[in-house]
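Subject: Structure for you to look at

Hello,

Here is the structure I promised to pass on. My notes on it follow below the display.

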Amino acid sequence: MLHIYLSNRPEQKKLGAAGLRVPGYEIASAKQRRRDVGDNEEGILWVRGDSSTPLYWNRPDRSAETIREAGWI
């Protein structure tokens with residue numbers, strides 16, 4: 001990702017939280033196979049938005065490893 005997609009605000013800070021979604025980005029927390037996680041369950045943060053890369057230059061292996069269907073990273 002080439003931009004800030006989560007941001008804290010002083011009036012809304014919460015201990016242990018990464019912040020709020022920045023407008024223009026989508027955020028999801030899921031398992032590796034794209035299954036949503038439940039409360040108090042660990043997962044992977046998935047992000048997509050206008051500043052996400054479409055691919056790694058000359059690295060199709062890295063692109064396949066990092067970039068998921070529908071532009072999720």
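**What was found**

The accessible surface of the protein chain is about 6000 Å², and carbon and sulfur atoms hold 50% of that area. Please keep in mind that this is a predicted model.

Overall layout

The protein chain has one helix and four strands, arranged along the sequence as β-β-β-β-α. Its C-alpha trace spans about 45 × 25 × 15 Å along the principal axes. Of the 73 residues in the protein chain, 18% are buried. Among contacts with a separation of 6 or more, 29% are between residues 24 or more positions apart.

Salt bridges

The count of salt bridges comes to three. One of them joins arginine 48 to glutamate 26, with 2.9 Å between the closest N and O atoms. Arginine 48 belongs to strand E4 (residues 44-49) and glutamate 26 to strand E3 (residues 25-30), so this pair ties together parts that are 22 residues apart in sequence. Both ends are partly exposed: arginine 48 has a relative accessible area of 22%, and glutamate 26 has one of 38%.

Another salt bridge is formed by the side chains of arginine 59 and aspartate 61, at 2.9 Å from N to O. Here too the two residues are partly exposed, with a relative accessibility of 38% for arginine 59 and 44% for aspartate 61.

Arginine 62 and glutamate 65 also form a salt bridge, and their closest N and O atoms are 2.8 Å apart. Both residues sit in helix H1 (residues 60-66); they are three residues apart, so about one helical turn separates them.

Arginine 62 and the tyrosine ring

What does arginine 62 lie over? It lies over the face of tyrosine 56, at 5.1 Å from the ring centre. The relative accessibility of arginine 62 is 28%, which places it in the partly exposed class. As for pairs of aromatic rings, the count is zero.

Serine 63

Is serine 63 buried or exposed? Serine 63 counts as buried, because its relative accessibility is 12% and the limit for buried is under 20%. This residue is in helix H1. Apart from neighbours within four places in sequence, serine 63 is in contact with Leu55 and Tyr56.

Backbone points to check

Which residues have a positive phi although they are not glycines? Asparagine 58 is one of them, with a phi of about 55°. Asparagine 58 is in the loop between E4 and H1 and counts as exposed, at 63% relative accessibility. Alanine 70 is another, with a phi of about 65°. Alanine 70 lies in the segment after H1 and is also exposed, with a relative accessibility of 60%.

Regards

Terms used
Residues are numbered from 1 along each chain as its sequence is written. This is a predicted model: local features need pLDDT of at least 70, side-chain atom pairs count only at pLDDT 80 or more; totals for chains, interfaces and linings use all residues. Side-chain values use heavy atoms; hydrogens and water are left out. Rings of Phe, Tyr and Trp (its six-membered ring) pair if their centres lie within 6.5 Å; planes under 30 degrees apart count as stacked, over 60 as edge-to-face and the rest as tilted. A charge sits over a ring if NZ of Lys or CZ of Arg is within 6 Å of the ring centre and within 35 degrees of the ring normal. A salt bridge is a side-chain nitrogen of Lys or Arg within 4 Å of a carboxyl oxygen of Asp or Glu. Helices (H or I, at least four residues) and strands (E, at least two) are DSSP runs, numbered from the N terminus. Buried means under 20% relative accessible area, exposed over 50%, partly exposed in between (1.4 Å probe, protein chains only). Contact means heavy atoms within 4.5 Å. Accessible areas come from the Shrake-Rupley method with a 1.4 Å probe; for residues, only the protein chains shown count as cover.
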